[in-house]
Amino acid sequence: MNPRVEKALNEQVIKESSSSQFYLAMASWSENNGLNGTSKFLYTHSDEERFHMLKLIKFINERGGKAVIPGIAQPPVEFDNLERVFELLLEHELAVTASINNLVDICLQEKDYTTHNFVQWYVSEQLEEEALARSILDKLRLIGGDKGGMYMFDRDLEAAVNLSAKIASQPA
Ligand code: FEO
């Protein structure tokens, strides 16, 4: 495998791994603050990031490279409020998108069209994740600090997670 592409893919492994840990910390904070639906959403999101990491690891190894498993950095334990959680989540996703775009650039520079093709899955995924984070943040800003609104937000998020899990478990 092209060494420059391999290095960039391994850097992406670190980013997906740290996303998973970051969202896990957010999930745990939400759970401790009585936001069960939000915590469910964030636990699921953390699992998805782990899947993004695994997909990269397998690809690197299958293509004759060597995946490097990163160490675990300590994510934050406390967050100011739920709006801040999703602001941080969106900022994080924007940074991941920039990193994916950089990976696409490197693939083109190195004429590695197979990896370029593989990375397109991440390009689409980032579009979806950014849109989702933005729509959640918009809702939270609309609610402001209203407790009733927050209760409904949390309940709706739980319903959305349950619905996606149900759809995912149905045979294709
Ligand atoms: Fe895998 Fe949300 O970036």
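Visitor: How much of the protein counts as buried?
Guide: This is a predicted model. The protein has 172 residues. The share of them that counts as buried is 42%.

Visitor: Which elements make up the protein, from the N terminus on?
Guide: The protein has zero strands and five helices. Read from the N terminus, its elements therefore run α-α-α-α-α.

Visitor: Why is the pair of Trp 29 and Phe 79 edge-to-face?
Guide: The structure holds nine aromatic pairs. In the pair of Trp 29 and Phe 79, the ring centres are 5.9 Å apart and the planes meet at 75°. Planes over 60 degrees apart count as edge-to-face, so with its angle of 75° this pair is edge-to-face.

Visitor: How far apart in sequence are the parts that Trp 29 and Phe 79 tie together?
Guide: Trp 29 lies in helix H1, whereas Phe 79 lies in the loop between H2 and H3. Trp 29 counts as buried at 8% relative accessibility, and Phe 79 does at 7%. The pair ties together parts whose separation in sequence is 50 residues.

Visitor: Is Phe 86 buried or exposed?
Guide: The cut-off for buried is under 20% relative accessible area. Phe 86 has 0% relative accessibility, so Phe 86 counts as buried.

Visitor: With which residues is Phe 86 in contact, leaving aside neighbours within four places in sequence?
Guide: Phe 86 in helix H3 pairs with Phe 41 in helix H2, 45 residues apart. Their rings are tilted, at 6.1 Å centre to centre and 40° between the planes. With neighbours within four places left aside, the contacts of Phe 86 are Thr 38, Phe 41, Leu 42, Ile 136, Leu 137, Leu 140 and Leu 157.

Visitor: What share of contacts between residues at least 6 apart join residues at least 24 apart?
Guide: The contacts in question are those between residues at least 6 apart in sequence. The share of these joining residues at least 24 apart is 78%.

Conventions
Residues are numbered from 1 along each chain as its sequence is written. This is a predicted model: local features need pLDDT of at least 70, side-chain atom pairs count only at pLDDT 80 or more; totals for chains, interfaces and linings use all residues. Side-chain values use heavy atoms; hydrogens and water are left out. Contact means heavy atoms within 4.5 Å. Helices (H or I, at least four residues) and strands (E, at least two) are DSSP runs, numbered from the N terminus. Buried means under 20% relative accessible area, exposed over 50%, partly exposed in between (1.4 Å probe, protein chains only). Rings of Phe, Tyr and Trp (its six-membered ring) pair if their centres lie within 6.5 Å; planes under 30 degrees apart count as stacked, over 60 as edge-to-face and the rest as tilted.
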